[in-house]
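Reader: Pick one spot in this model and take me through it closely, side chains and rings included. Keep the cut-offs handy, please.

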Amino acid sequence: MPQRQETLMEPTMNNGNGHGHGCAIVNGRSRTNNCTSDEVIEWFEQVSQKGGSVQKEILSQILKQNHGAEYVKKWSGYHNIQEMDSSALESLFTSVVPISSHADFEPFIQRIADGDTNPLLTQQPITTLSLSSGTTEGRQKFVPFTRHSAQTTLQIFTLAAAYRSRVYPIREGGKILEFIYSSNTFKTKGGLTVGTATTHYYASEEFKIKQEQTKSFTCSPAEVISGGDYKQSTYCHLLLGLFFSDQVEFITSAFVYSIIQAFRSFQELWCEICNDIRSGSLSSRIKLPKMRKAVLEIIGPNPILASKLENICKELELVDWFGLIPKLWPNAKYVYSIMTGSMLPYVTKLRHYANGLPLVSADYGSTESWIGVNVDPSLPPEKVTFTVVPTFSYFEFIPLYRHNKQEDYRSIIADDFIEDKPIPLSQVKAGQEYEIVLTTFTGLYRCRLGDVVEVAGFHNGTPKLNFVCRRKLILTVNIDKNTEKC
């Protein structure tokens, strides 16, 4: 999931990024820390009207900030890219830089991992590497992670929350039941920390800022999120979520699979959890000292709540746990998670648990970069679209054509396409399928993402995407692997 640097663009500039209100743009992203939800939406409504010009400016920023990096210098040659305007630079870039895959960057990333501190892909130091959740033909990739990655994650969460709050307003100071997990990290030969992008984000200052900005606070402390043991963390998430049951405003996880798995575990654990709430104690199944200490500092004996929850669970058992969520969390406004692609089959079970509570699809991104935001959270997962945020990366789109258009798309293998030449964001057409190509602030240049999308329409001047499938990819979610196929 992304990053940038510290070049301030004033909001009054007429370059496609100027917006005329208090949310300044830093390296192509809005400085939203002091903005209200309405100001954040106003910023995006304006920036999305000028998607094409914004994209040119973003590419110019990426290249000028990284002009001294080895990968950039090998194609820029005698061109003084620092003096070129954004249109000329875009034309030069797309004519001389080849379309690449992650394999083209692996030698550079390996040198970085081994301790080479020369500017190879970016002029900014890369001190952390992310493991992608998607694995090309079963093999996970290393992706550069910088502070910019955490900052754009904060931005999209703030932007998405602003649109959600218009449809599903929540109470300030409320709780979020988040089934989120940090995985174990390790060090490379050169001393760089490697972990998932979410692991890096949950450990970042931006994760704390997000809670302050959105005025909603996760039920679980950092020791639960970063415990490294999925089962122990899940138990504590459930326990704390129920301890604060009346305060929970919504329920979320990165992938809907994790929510389903947590509730299936709850069906077996509820008696034990209620006993912990009654006595203010913690099950012996929680063995990690830091996790135990952190949870016990939060909970206390609450026999009235425990009896109430026990009665609800006994009733839910009789109806196969139908309506579990609104029964146990009566003030929850919605469930928020990635529900598209290979996650869509889990939506049926989630609807069983939710009993009519709105299901809101989370936003569209990858380890390499965030891509699109859900600006219409009232749409069901089957109909959701993602509006490209043109400030996150420079996006190109490879037109794809099916060999057999009459065949049901679900029965076609994910790589059965004829390709055309890549085009910029400003030239995409509604109804056409594309593969996304990224140029990022973190050092990927014209890199094929592997995601197949369809342009469903436009939000102002920016395309809205339907996610279709991944090409030759396997998605890792907690401990299972799902092939993303059409």
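**From a loop into the core**

Author: Phenylalanine 322 sits in the loop that runs between helix 13 (303-318) and helix 14 (324-328) (DSSP runs numbered from the N terminus: helices H or I, at least four residues; strands E, at least two). This is a predicted model, where local features need pLDDT of at least 70 and side-chain atom pairs 80 or more, while totals for chains, interfaces and linings use all residues. Numbering starts from 1 along each chain as its sequence is written, and side-chain values use heavy atoms, without hydrogens or water.

Phenylalanine 322 has a relative accessible area of 38%, so it counts as partly exposed (buried is under 20%, exposed over 50%, with a 1.4 Å probe and protein chains only). Leucine 324, by contrast, is among the residues with the most contacts inside the largest nonpolar core, and so are Phe263, Phe266, Ile325 and Trp329. That core has 130 residues (buried Ala, Val, Leu, Ile, Met, Phe, Trp, Tyr and Cys joined through side-chain atoms within 4.5 Å). Helix 11 (residues 256-279) supplies its largest share, 12 residues. Beyond four places in sequence, leucine 324 touches Phe263, Phe266, Leu316, Trp329 and Tyr353 (heavy atoms within 4.5 Å).

As for rings, the structure holds 22 aromatic pairs (Phe, Tyr or Trp six-membered ring centres within 6.5 Å; stacked under 30 degrees, edge-to-face over 60, otherwise tilted). Phenylalanine 157 and tryptophan 370 sit edge-to-face, 5.9 Å centre to centre with 70 degrees between planes. They're 213 residues apart, in helix 6 and strand 15. Tryptophan 370 is buried at 3%, whereas phenylalanine 157 is partly exposed at 23%.
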